[in-house]
Amino acid sequence: MADGVAQISPRPRARVRAMMEYHPPLGSRDRLRLDFNENTLACSPKVGEALKAVTTAELTLYPAREPVEAIVAARLGLKPEQAALTNGVDEAIHVLFESFLEAGDELLLPVPTYTMYEVYASATEARVVAVQADDDLAFPFEKLLDAIGPRTKIIAVANPNSPSGSVATRAQLLELSARAPQAILLVDEAYFHFYGETVMDLVGQAPNLIVARTFSKAYGLAGLRLGLLAGPVELMQWVRRVLSPYSVNSLALVCLKAALDDDTYLDGYVSEVLAARDEFANALDAAGVRRWPSRANFILVEIGARHAEFVERMRAAGVLVRDRSRDPGCEGRVRITIGTREQMKQAALALNEALAAMRQGGNAQ
Ligand SMILES: Cc1ncc(COP(=O)(O)O)c(C=O)c1O
């Protein structure tokens, strides 16, 4: 460095320096992908056709979100101003937290839950108040009610929750919303299609309710990054100020329109997963593996102290599963995404073989 030039690099904000790093273990995934709760097959073929029809001239244009936003809003019974498309629900969470959380505020979080709530909250000046679920991992409703205070600004509830698969009832969500009028109740319905119950119809009625949906799971569009945030206009106007007008790219918008036109594909995929979930739950019971009841496209299972070995053995057998041991209260637990019945037969076989080998005290390598 030249003489006289100070050797200091610009310092990020204190909260950013303290942030935890989050590296999803993506790596090489050319196996059966039961690790990220994705669609394990493909999205609708109509999406592929729409993608092929995009011209290079169209790519010169900045993406226009509003027309597709209006279509999605209409389908969900919302006014266009109540709905915002985002670059995945992750961006929705990020923008919502950036818009509302400030110093002294509290984010109330039942845990274990989706990791990114805490990641994005940690970049704000707010404090995370984590409410631990009991061993059954049921929604800790009473404890959450007790934890509501004057500084509670957002309550984030994934419904169904990940990694547990547990759900909060509509009545519980309504009560939370009523008991914390000073706060936003974010209900993240990323796994809605596998559950079937929603509070989307209450958007605009409950003044502090915001609902998120993703197109990454049942729709099979995780690679395109498409999410939706829906809430009363009074709240969404602030979110829109922070949200980039172009964060949802034009290919994603084209594909979303096509995906919305193919309910048959969506329904077919969801019913396949639900059938596979039942079959795989039976296989787990037969294998004597403890599991938590799930209303989503994954099941959390108890493996115990040798969880890392189990995950490695599954990988060696061609099946990727997700170790959730680092989640609060989840030591020794592994989350397995549900794919098709065929895929879950392969997973059950691999699981039985891994457990048998571990019982014999075999080496993981
Ligand atoms: C509860 C929950 N919300 C949101 C997401 C992320 O959604 P997206 O891919 O739209 O960012 C996930 C992904 O695993 C999730 O489990």
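Here is a walk through the structure above, from its domains to its ligand site and a few backbone details. This is a predicted model, in which local features need pLDDT of at least 70, side-chain atom pairs count only at pLDDT 80 or more, and totals for chains, interfaces and linings use all residues. Residues are numbered from 1 along each chain as its sequence is written.

Let's start with the overall layout. The protein is divided into domain 1 (14-41 + 264-357) and domain 2 (46-260), with bounds that come from an automatic or database domain assignment. Their C-alpha centres lie 24 Å apart. Domain 1 brings 29 residues to the contact and domain 2 brings 28 residues, where two residues are in contact if their C-beta atoms, placed from the backbone, lie within 7 Å. On the side of domain 1 that touches domain 2, helix H1 (14-17), helix H11 (263-286) and strand E9 (298-302) each supply at least two residues. Helices (H or I, at least four residues) and strands (E, at least two) are DSSP runs, numbered from the N terminus. H11 provides the largest share of that side, five residues. By class, that side of domain 1 has 18 nonpolar, five polar and six charged residues. Here Ala, Val, Leu, Ile, Met, Phe, Trp, Tyr, Cys and Pro count as nonpolar, Asp, Glu, Lys and Arg as charged, and the others, Gly among them, as polar.

The largest nonpolar core has 105 residues, and Leu96, Ile154, Ile155, Leu185 and Leu186 have the most contacts inside it. Such a core is a set of buried Ala, Val, Leu, Ile, Met, Phe, Trp, Tyr and Cys residues joined through C-beta atoms within 7 Å. A residue is buried if 20 or more other C-beta atoms lie within 10 Å of its own, exposed if 12 or fewer, and partly exposed in between, with C-beta atoms placed from the backbone. H4 gives the most to this core, with seven residues, and the core draws at least three residues from each of domain 1 and domain 2. Take Leu186 as an example: beyond its neighbours within four places in sequence, its contacts include Leu96, Ile154, Ile155 and Ile210.

Helix H4 (residues 88-100) also gives the most to the shell around the ligand, with three residues. Of the 13 residues around the ligand, Gly88, Val89, Asp90, Thr214 and Ser216 come nearest; a residue is near a molecule if its C-beta atom, placed from the backbone, lies within 6 Å of it. The shell divides into five nonpolar, six polar and two charged residues.

Over in helix H12 (residues 307-316), the buried residues are His307, Phe310, Val311, Arg313 and Met314. Seen down the axis of H12, these fall within an arc of 165 degrees, so they line one face of the helix; the arc is that of the directions from the helix axis to the C-beta atoms. Their cover includes strand E12 (333-337) and helix H13 (341-359). Just after H12, Gly318 takes a positive phi of about 90 degrees.

The loop between strand E5 (152-158) and helix H7 (170-179) holds Pro160, which a cis peptide bond joins to Asn159, with omega about 0 degrees. Pro163 is found in the loop between E5 and H7, and a cis peptide bond joins Ser162 to Pro163, with omega about 10 degrees. Leu137, in the loop between strand E4 (127-132) and helix H6 (141-147), has a positive phi near 60 degrees.
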